[in-house]
Amino acid sequence: MGCGCSDGDEILVAVNLAGTLVGEDHPAFCIAEIGHNHQGSVQKAIDLIDIAARAGASAVKLQKRDNKTLFTESYYNSPYNSENAFGATYGEHREALEFGKKEYLELMLYASTKNIAFFAAAFDIPSADFLEDIGVPFYKIASGGATNTTLLKHVAKFGKPMIISLGGCTPQDILRVYDAVRPINSQLVFMHCVAAYPAPVDLLNLMRIVDLKKWFPDVVAGFSDHQDGISMGPVAYALGARVFEKHITFSHSAKGTDHAFSLEEAGLTTYIKYINHAVKALKRLEQPLEEEKAPIKKMSQGVYAARDMEAGTWLRQRDLALKSPASQVAAWWYEVLVGKVLREHVKKDEPILTTHIEGGLGA
């Protein structure tokens, strides 16, 4: 399964998301998902952009639907009896949460003043065309659109990066996504996702990230995180995810279906901070580090004289002691020194040096 790369091939793929390179050797890219948590209010959307920017998110994301195109007429007109409803029918509810071109352009401009990328998920072809018309820098396809190859190919032809969530997808579904998009557009991010809201920890299936990297080494892996918490981001990064998506809110108790499992500002700030900790902690370094040298010298042992000894002494185990701090002759030379001959006088508790030994110690 996958792109057909032979085992052992190493592909360091990167995708440019609004001027930020994202991939294996690049920092994590964290998306704050506003969705419809703005409740149809531009001011609340602005407030959420502010939250995302202060928390250190790389981008904010909305959801765009052309509701009458997307839903069947009967479903659009069906009664919507819910405490989270913004209308008497499902169509009225959805329309109340939908922004038009004026609002999108206002929010895009505002996000730019906060130095944060602005984009949206396209749920249908008219919405994709709408987003292309206003000039979003890249696209999201939600899990529900992953099997819609017509939508995938349409968006792929725009030639901009695509972030595709794969919640509920079988391996065959994911391969179908790849085969539909990759010949048209190579700028791909595959987001592992469990489409439960929230998704319990024991159902997060994070090893699928490892699978995605193995199956599609020419695609950047990511994690659309619906866990009601902040603990799994660093784990996903360690497994290979480089793009992260997390729903945000101004209050868990706000009206709407997504607020309860979304992160408030403090949670988002901590979530991003912990992912960035993972980025730093997983960087490969050559040891010993400069910062280790003094503590290791203090804690480690060297070989010392157990008594006063004259030149010509044949060293025995009882003549030597292993003590801290470390000295020129490290503890692992202890057994080698037995049977060697001293070439000069050594006092008790004095570290044994290579110059003390007839012929030295070699390498």
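This is a predicted model: local features need pLDDT of at least 70, side-chain atom pairs count only at pLDDT 80 or more; totals for chains, interfaces and linings use all residues.
1. Contact here means heavy atoms within 4.5 Å. Buried residues make up 47% of the 363 residues.

2. Next, the overall outline. The protein chain has 13 helices and 12 strands. Its radius of gyration is 30 Å, well over the 21 Å that the globule rule gives for 363 residues, so the chain is more spread out than a compact globule. Taken along the principal axes, the box that the C-alpha atoms fill is roughly 100 × 45 × 35 Å.

3. Helix α11 deserves a look of its own. This helix runs over residues 265–281, which makes 17 residues, and spans 24 Å from its first C-alpha to its last, close to the 24 Å expected at 1.5 Å a residue. Which residues of α11 are buried? They are G267, L268, Y271, I272, I275 and A278. Seen down the helix axis, the buried residues of α11 fall within an arc of 130 degrees, so they line one face of the helix.

4. On the face of α11 turned away from its buried side you will find the exposed residues A266, K280 and A281.

5. Now to the aromatic rings. Taking rings of Phe, Tyr and Trp as paired if their centres lie within 6.5 Å, the count comes to 14 aromatic pairs. One of them is Y104 with F118, an edge-to-face pair at 6.0 Å centre to centre and 75 degrees between the planes. This pair links distant parts of the chain, with Y104 in helix α5 (residues 101–113) and F118 in strand β5 (residues 117–122), 14 residues apart. Both Y104 and F118 are buried.

6. A second pair to inspect is F190 with F216. The ring centres of F190 and F216 are 5.4 Å apart and their planes are at 85 degrees, so the pair is edge-to-face; the angle cut-off for that class is over 60. Here too the pair links distant parts of the chain: F190 belongs to strand β8 (residues 188–193), F216 to the loop between α9 (207–215) and β9 (220–224), and they are 26 residues apart. F190 has a relative accessible area of 1% and is buried, and F216 counts as buried at 0% relative accessibility.

7. There is also a ring cluster, in which ring pairs link F71, Y75, Y80 and Y90. R65 lies over the face of F123, at 3.8 Å from the ring centre, while R242 lies over the face of Y237, at 3.7 Å from the ring centre.

8. Is S327 buried or exposed? Its relative accessibility is 19%, and buried means under 20%, so S327 counts as buried. Leaving aside residues up to four places away in sequence, S327 touches G302, V303, Y304 and P351.

9. Two residues have a positive phi although neither is a glycine. Q39, in the loop between β3 and α1, has a phi of about 60 degrees and counts as buried at 15% relative accessibility. N205, in the loop between β8 and α9, has a phi of about 55 degrees and is partly exposed, with a relative accessible area of 44%.

10. Finally, a look at E24, in the loop between β2 (20–23) and β3. E24 counts as partly exposed at 32% relative accessibility. From E24 to V13 the C-alpha to C-alpha distance is 7.0 Å, with the two residues 11 apart in sequence.

Note on methods. Residues are numbered from 1 along each chain as its sequence is written. Side-chain values use heavy atoms; hydrogens and water are left out. Rings of Phe, Tyr and Trp (its six-membered ring) pair if their centres lie within 6.5 Å; planes under 30 degrees apart count as stacked, over 60 as edge-to-face and the rest as tilted. Helices (H or I, at least four residues) and strands (E, at least two) are DSSP runs, numbered from the N terminus. Buried means under 20% relative accessible area, exposed over 50%, partly exposed in between (1.4 Å probe, protein chains only). A charge sits over a ring if NZ of Lys or CZ of Arg is within 6 Å of the ring centre and within 35 degrees of the ring normal. The expected span of a helix is 1.5 Å times one less than its number of residues. The arc is that of the directions from the helix axis to the C-beta atoms. The radius of gyration is taken over C-alpha atoms; the globule rule is 2.2 Å times the number of residues to the power 0.38.
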